[in-house]
Amino acid sequence: QVQLVESGGGLVQPGGSLRLSCAASRFTLPYYHIGWFRQAPGKEREGVSCVSSSDGTTYYPDSVKGRFTISRDNARNTVYLQMNSLKPEDTAVYYCAARWSRSSTVHSMCQNREIDYWGQGTQVTVSS
C-alpha cells in the first residue's frame with residue numbers, strides 16, 4: 001500500500017520558519033510529481049508547492065512565492081517544504097501528495113488538485 005507520511009509541523013511565531021518532510025514508501029518516487037497542499041478551517045484545499053518528477057520544474061502560488069521552497073531527494077524517497085517568514089494566514093493542515101507524472105503537468109497538479117495519493121496531513125500553526 002502506497003504511503004506518504006508527513007512530519008515537521010507544529011507551532012511557530014509569525015516570521016519564523018518550519019521545514020516539513022514527506023516520506024514516501026511502496027512506490028517509485030522519481031515517476032511522480034510531488035506537491036504540498038494546505039487546508040485551513042472553512043477553506044478549500046489549495047496547492048502551495050509542487051515539483052516535477054524529473055526536471056526540477058516547480059510551481060508556487062503568489063501567496064507563498066519567495067517564502068516557501070520545495071525540494072526532493074529521490075534517493076531518500078523524501079520531499080521537503082521549507083517555509084520561511086511564516087504568517088498567521090499560513091495556519092492550516094499541510095498535506096503531501098503525489099501524481100503520476102504522465103497524467104498531469106506539475107502546474108495542473110497544483111492548480112487543479114490532480115492527485116493520485118494523499119498523506120494524512122500535519123498541522124502548522126502560526127501564532128504569537
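A disulfide, as I use the word today, is a pair of cysteine sulfur atoms within 2.5 Å, and under that criterion Cys50 is joined to Cys110, with an S to S distance of 2.2 Å. Before I go further, please keep in mind that this is a predicted model, in which local features need pLDDT of at least 70 and side-chain atom pairs count only at pLDDT 80 or more, while totals for chains, interfaces and linings use all residues. Residues are numbered from 1 along each chain as its sequence is written, and side-chain values use heavy atoms, with hydrogens and water left out.

Let me stay with the disulfides for a moment. The search of the whole structure finds two of them, and, with bonded cysteines counted along the chain, their pattern is 1-3, 2-4. I will refer to helices (H or I, at least four residues) and strands (E, at least two), which are DSSP runs numbered from the N terminus. In the link I opened with, Cys50 belongs to strand E5 and Cys110 to helix H1, so this pair ties together parts that are 60 residues apart in sequence. The torsion about its S-S bond is 85°, and the link of Cys50 and Cys110 is right-handed. Both Cys50 and Cys110 are buried, where buried means under 20% relative accessible area, exposed means over 50%, and partly exposed lies in between, with a 1.4 Å probe and protein chains only.

The other disulfide joins Cys22 to Cys96, with an S to S distance of 2.1 Å. Here too distant parts of the chain are linked, since Cys22 is in strand E3 and Cys96 is in strand E9, 74 residues apart. Which hand does this disulfide have? The torsion about the S-S bond of Cys22 and Cys96 is about -80°, so the disulfide is left-handed. Cys22 is buried at a relative accessible area of 1%, and Cys96 is buried as well, at 0% relative accessibility.

Now to the sheet that contains E3. Strands of a sheet pair through backbone hydrogen bonds, either parallel or antiparallel, and I count two strands as paired if DSSP finds at least two bridges between them. Four strands form an open sheet in the order E1-E3-E8-E7, with antiparallel pairing. Strand E1 (3-7) and E7 are the edge strands, each pairing on one side only, and the twist averages 15° from one strand to the next, with axes taken as lines fitted to C-alpha atoms, for helices over the stretch in contact, and angles running from 0 to 180 degrees between N-to-C directions.

Walking across that sheet, E1 and E3 pair over five bridges in the antiparallel sense, with Gln3 opposite Ser25 in E3. E3 in turn pairs with E8 over six antiparallel bridges, and there Arg19 has Gln82 in E8 as its bridge partner. E8 and E7 also run antiparallel and are joined by six bridges, Asp73 being partnered with Thr78 of E8. Five of the six residues of E8 are buried, so this strand is largely enclosed by the rest of the structure.

That brings me to the nonpolar core, meaning a set of buried Ala, Val, Leu, Ile, Met, Phe, Trp, Tyr and Cys residues joined through side-chain atoms within 4.5 Å. The largest such core has 28 residues, of which Ile34, Trp36, Phe68, Leu81, Met83 and Tyr94 touch the most other members. Among the elements that give two or more residues to this core are strand E4 (32-39), strand E7 (68-73) and strand E8 (78-83). Apart from it lies another core, of eight residues, including Phe37, Tyr59, Val106 and Ile115. If we count contacts as heavy atoms within 4.5 Å, then Leu81, leaving aside residues up to four places away in sequence, touches Leu20, Trp36, Val48, Phe68 and Tyr94, among others.

Finally, some backbone torsions. Asn77 takes a positive phi near 55° in the hairpin of E7 and E8, which has four residues between the strands. Ser85, in the loop between E8 and E9, has a positive phi near 50° and is partly exposed, with a relative accessible area of 40%. Arg113, in the loop between helix H1 (106-112) and strand E10 (117-118), has a positive phi of about 55°, and Arg113 is partly exposed too, with a relative accessible area of 39%.
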